[in-house]
Amino acid sequence: MGATETTNAINPADTTDATSIADAARTGPDVTGTTVDATGTVVDVEVRRVAVGGVELNVALAGRGPAVLLLHGFPHTWRLWTDVLAELAGRYRVIAPDLRGFGDSDRPADGYDAGTLAADAESLLAALGVTSAAVVGIDAGTPPAFLLAMRRPGLVRRVVLMESLLGSLPGAGDFLAGGPPWWFGFHGEAGLAERVLSGNEAPYVEWFLDRGTLGRGVRKDVRDAIVAAYARPGALRGALGPYRALPESDRQIRAAAAAARLTVPALTIGAHPVGRALEHQLRPHADRLTGHVLEDCGHIIPLDRPAALLELLLPFLAADR
C-alpha cells in the first residue's frame with residue numbers, strides 16, 4: 001500500500017499537477033496523472049494518501065472550485081466515479097476517497113459503521129482545508145453521507161444519496177417485502193465470505209458489476225482496476241466491514257433521525273433495484289428533498305448511465321453557486 005499501488009490507478013507518465021492541496025495533508029508520495037472516461041475525455045487526477053481518524057485513506061483529487069466529496073459503495077473503489085469525473089472536475093474540486101477498508105486505503109479491524117465512516121469523511125475534508133462541500137454517496141457511501149449532513153449542516157452544503165437504504169427507517173417496505181438481498185447475510189457473517197471466495201474474488205466482483213449495470217457490464221479498464229483491488233490480500237475483509245456493522249449503523253441512523261431534521265438541500269436518485277425506497281425513507285425527515293428515479297438504469301448509476309446522472313447532479317450542485 002502506498003505509491004506503488006496508487007500508480008496502478010492512473011497513468012504515471014503524465015505528471016500534470018491536477019489540484020493544489022495543502023502540504024500539511026500529505027502523508028505519502030503523491031502520484032499525478034490522468035484517467036479517461038467513457039467518452040475519451042482525459043481528466044487530470046492526483047492520487048494521495050491522507051491520514052484521518054487513525055487510518056490513511058487513498059484519495060483521488062481532480063479539478064478546482066467548490067468541493068464535491070464522492071463516497072462509493074461495494075464492490076467499488078474511487079474508480080466508480082471515472083465517467084463523471086471530467087464534467088465534475090471542470091466545475092468543482094472533486095475529492096473521491098477509497099473508503100476505509102476499500103481499495104488502497106488502510107484496512108483496520110474495525111470502524112466500519114456509518115458513524116465512523118462519516119467521521120472519516122469529515123476529517124478528510126478538514127485535512128484538505130475544505131470548509132464547505134457537497135457530499136454524494138451511493139450504496140455503502142449513502143449512510144455516512146447522510147450522517148455527515150445531519151451532524152455538520154454547516155460543512156455539508158448539499159447532499160446526494162443514491163441506491164441504498166437508511167437502516168430500518170420506515171418507507172422501504174415494498175423493497176424489502178421479499179427480504180433483503182441474499183448477499184447481505186452472506187457478507188454479514190464474519191469470515192465466511194473470505195473463506196468461500198478465496199481465489200475467486202474476480203468472478204464474484206464481476207457478477208456485481210454486471211448485475212449493477214443490468215447486464216451491460218463495465219468497460220475493461222475500470223473493471224480490471226476494481227477487480228484487481230478486491231483480489232489483494234485482506235481486501236475482501238475490509239470491504240465487507242460495512243455489512244458487518246449494519247446493526248450499529250442502523251442505531252446511529254435512527255438516533256440521528258429522531259434527534260433532528262435534515263436541513264440541507266437533499267437529492268435522492270434511485271434506479272434498479274432500490275427505486276424510490278430511499279426517497280420514501282428520507283422524506284419525513286428532510287426539509288428540502290427532491291427525489292428522482294432513473295429508468296433502465298442499474299444499481300451502479302455512475303458507470304451504467306453517467307450522462308443521465310450528470311443531468312440530475314449538475315443542476316442540483318449548481319443551485320447555490
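**Core, strands, turns and salt bridges in a predicted model**

Leaving out neighbours within four places in sequence, Phe186 is in contact (heavy atoms within 4.5 Å) with Leu192, Ala193, Val196, Leu197 and Tyr204. Phe186 is found in helix H5, where helices (H or I, at least four residues) and strands (E, at least two) are DSSP runs numbered from the N terminus. With a relative accessibility of 17%, Phe186 counts as buried; buried means under 20% relative accessible area, exposed over 50%, and partly exposed in between, with a 1.4 Å probe and protein chains only. Between Phe186 and Phe102 there are 84 residues in sequence and 18 Å in space, C-alpha to C-alpha.

The model is predicted, so local features need pLDDT of at least 70 and side-chain atom pairs count only at pLDDT 80 or more, whereas totals for chains, interfaces and linings use all residues. Residues are numbered from 1 along each chain as its sequence is written, and side-chain values use heavy atoms, with hydrogens and water left out. The average pLDDT (the predictor's confidence in each residue, from 0 to 100) over the chain is 91, and 90% of the residues score at least 70. Residues 1-27 call for some caution in reading: pLDDT stays under 50 there, and the model has 70 contacts beyond four places in sequence for this stretch.

The largest nonpolar core has 105 residues, and Leu88 and Ile95 touch the most other members. Helix H14 (residues 306-318) gives the largest share of this core, with eight residues. A nonpolar core is here a set of buried Ala, Val, Leu, Ile, Met, Phe, Trp, Tyr and Cys residues joined through side-chain atoms within 4.5 Å. Residues up to four places away in sequence aside, Leu88 touches Leu70, Val94, Leu310, Leu313, Leu314 and Leu317.

Strand E2 (residues 42-52) is a handy guide to the strand pairing. Of the eleven residues in E2, eight are buried, and the strand is mostly covered. Strand E1 (residues 31-36) runs antiparallel to E2 and is joined to it by six bridges; strands pair if DSSP finds at least two bridges between them. Within this pairing, Val43 in E2 stands opposite Thr35. The hairpin of E1 and E2 has five residues between the strands, and Gly40 takes a positive phi near 90°. On pairing with strand E3 (residues 55-62), E2 is again antiparallel, over seven bridges. Asn58 in E3 is the bridge partner of Arg49. Two residues separate E2 and E3 in their hairpin, where Gly53 in the turn has a positive phi of about 50°.

Several backbone details deserve a look. Most residues other than glycine have a negative phi, and most peptide bonds are trans. A cis peptide bond is found between Phe74 and Pro75, with omega about -10°; Pro75 is in the loop between strand E4 (67-71) and helix H2 (82-89). Another cis peptide bond joins His272 and Pro273, where omega is about 20°, and Pro273 is placed in the loop between strand E8 (266-270) and helix H12 (277-282). Glu163, not a glycine, has a positive phi near 45°. Glu163 is in the loop between strand E7 (156-162) and helix H5 (182-188), and it counts as buried at 1% relative accessibility. Asp296 also has a positive phi, of about 50°, although it is not a glycine. The loop between strand E9 (289-293) and helix H13 (301-304) holds Asp296, which is exposed with a relative accessible area of 53%.

Finally, charged pairs. Side chains of opposite charge can pair when their charged atoms come close. The structure holds 19 salt bridges, a salt bridge being a side-chain nitrogen of Lys or Arg within 4 Å of a carboxyl oxygen of Asp or Glu. One of them joins the side chains of Arg244 and Glu194 at 2.7 Å, N to O. Because Arg244 lies in helix H10 (residues 241-244) and Glu194 in helix H6 (residues 192-197), this pair ties together parts that are 50 residues apart in sequence. Arg244 is partly exposed, at 24% relative accessibility. The side chains of Arg283 and Glu279 meet in a salt bridge at 2.9 Å, N to O; Arg283 is partly exposed at 39%, whereas Glu279 is buried at 9%. Salt bridges that share partners also join Glu206, Lys220, Arg223 and Asp224 into one network.
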